[in-house]
Amino acid sequence: MKQDKEEKDNNIVSQRASRISPSGIRKFFDLLGSIEGVISLGVGEPDYTTPWHIREAAIYSIENGFTMYTSNSGIPELRQELSRYIQKRYELEYDWKTELLITVGVSEALDLAMRAVIDPGDEVIMSDPCYVAYEPSVILSGGVPVKVPTSEENAFELDARDIEAKITNKTKAILMGYPSNPTGAVMPWEKLVKIADVACRHNLLMIVDEIYSHLVYGIEHTCMAALPGMKECTVLLSGFSKSYAMTGWRIGYAAANKEIIAAMTKIHQYTIMCAPTMAQIAAIEALKSGEDSVTEMVEDYNHRRLVMVKGLRNIGLSCFEPKGAFYAFPSIKSTGMKSEEFAERLLIEEKVAVVPGTAFGKCGEGYIRCCYATSLKEIEEALERMKWFVERHRKA
Amino acid sequence: MLKKILKILEDDARATPERIATMLGTSEDEVTAIIKKAEAEGKILKYKTLINWDKVNDEHVWALIEVQVSPQRDTGYDAIAEKIYRFPQARSVYLMSGTYDLAVLVMGKSMHEIADFVGQKLSPIEGVRAASTHFIMRRYKEDGEIMNGKEEIKRQPVIL
């Protein structure tokens with residue numbers, strides 16, 4: 001704390017950077033490194049390695065000397081494939097030359113989108129809890145994050161009326177990430193339509209992170225940009241990490257109107273140049289023939305999801321049914337512990353790693369994020385350990 | 001539902017009806033009933049274990065034998081195939097398209113034993129025109145499973 005103050009006084013670190021809070025669970029991460037035999041439900045990525053045909057395509061590209069920069073916007077073939085893919089999936093036309101940008105993961109796309117549209121003081125509405133990068137990305141671009149609480153009772157879905165209540169004359173955009181990390185919530189079509197309506201009436205931009213769009217169970221994913229009249233005022237961010245098990249490749253994309261993509265491309269070309277060439281070539285292969293692997297993975301995740309949710313409920317933790325991504329977000333309120341305390345003690349006492357809900361916002365208090373992208377054997381073992389833990393600590 | 005259950009069992013024969021029911025969001029009774037029926041109808045033949053015998057210092061020898069036969073009136077390839085697959089040494093027998101007719105996977109205690117089987121049992125069968133024996137030197141992958149050096153998952157324990 002003292003050191004922080006000194007740094008500020010000396011102006012070594014910018015005010016902007018100082019305003020982003022470091023992850024509150026740093027201590028927890030450090031602790032994790034010192035314990036052996038941990039079963040981790042704390043990850044945010046698939047446990048599959050990238051399908052071999054995709055890896056092979058990248059290896060072949062290296063052997064053939066594709067080691068140079070690509071066009072700033074991304075390899076034309078990749079943008080063409082992407083345009084075809086979005087068209088086929090959502091009946092949505094994006095001009096590959098002017099309306100698509102290949103980025104270093106959705107993370108970069110998110111940062112670019114914010115920097116391209118936010119002026120100092122502009123407000124961006126987002127849900128609480130939400131993915132950890134949303135708030136910092138707004139702050140770093142000079143904007144002001146405005147949180148809309150969501151709750152288990154409403155399946156952690158955003159409500160159009162709650163959003164509307166937060167709109168001021170400074171509101172610039174609504175930033176949404178569904179299927180949701182951390183809750184696993186999926187926005188049903190009828191609720192999205194209402195939010196789209198609010199955005200239109202108030203002339204707001206929709207920035208949507210749909211990285212988990214393939215991972216939905218028993219419900220269809222609705223793309224915000226595909227709703228009637230929404231393409232022009234939506235910035236669609238997505239990528240290959242979760243659907244094709246390609247997290248380490250760092251490849252994502254943004255699709256939006258010409259003006260926004262041009263602005264984002266400008267920033268991208270000065271800060272990043274282009275996404276890694278080999279990863280782009282791998283992404284082409286993923287788009288061309290990765291569909292089968294996606295279907296198989298989704299079926300497998302669904303099995304694990306059902307085992308996880310039933311297991312958590314059997315332990316006595318209330319858990320709303322997550323319909324997307326690969327997270328369950330059970331309530332641990334019955335133990336009387338706070339999220340961070342629960343996560344820390346569970347790790348020390350039973351060697352199971354979960355992420356405290358508070359890492360994702362104030363409304364995450366009383367919840368933990370459990371990722372089920374791990375083998376059934378490990379899920380079952382983790383549930384067993386959690387059962388002992390909860391039984392020991394249940395409030396009398 | 002049957003196909004979904006079979007897919008789970010094919011991957012893990014030890015999956016209990018309770019676990020399968022949870023995985024598919026159905027009842028244990030339904031799963032048990034479907035499995036019983038599939039067993040009765042011969043859709044499920046047997047529950048087996050995939051073993052990496054190389055790690056057990058097993059001395060067995062495997063060979064793939066390409067067999068050319070003269071198909072017979074009325075029974076075609078079937079009668080000759082049956083004469084071969086009746087031998088317990090023949091672990092798998094397939095009718096093939098291409099340059100030979102039957103592929104026979106044979107297991108024996110030694111190369112010698114397999115040579116005896118081919119020379120004394122298989123080749124003399126009426127209708128067998130030729131048999132060429134290929135010994136298996138190493139198994140890299142069996143039934144979709146990589147035998148040695150399966151990829152480890154290299155992930156960080158916590159990623160937000």
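The model is predicted, so local features need pLDDT of at least 70 and side-chain atom pairs count only at pLDDT 80 or more, while totals for chains, interfaces and linings use all residues. Residues are numbered from 1 along each chain as its sequence is written, chains are lettered from A in the order in which they are written, and side-chain values use heavy atoms, with hydrogens and water left out.

The size of an interface is often given as the accessible area lost when the parts come together. Here about 1900 Å² is buried between chain B and chain A, with 59% of that coming from carbon and sulfur atoms (buried area is the accessible area, with a 1.4 Å probe, that two parts lose on being put together, summed over both). On the chain B side, Met23(B), Arg155(B) and Leu160(B) lose the most area, together 39% of what that side buries. Contact (heavy atoms within 4.5 Å) takes in 32 residues from chain A and 15 residues from chain B.

Two salt bridges link the chains (a side-chain nitrogen of Lys or Arg within 4 Å of a carboxyl oxygen of Asp or Glu). One of them pairs Lys7(B) with Glu299(A), whose closest N and O atoms are 3.7 Å apart.

Val56(B) is partly exposed, because its relative accessible area is 47% (buried is under 20%, exposed over 50%, partly exposed in between, with a 1.4 Å probe and protein chains only).
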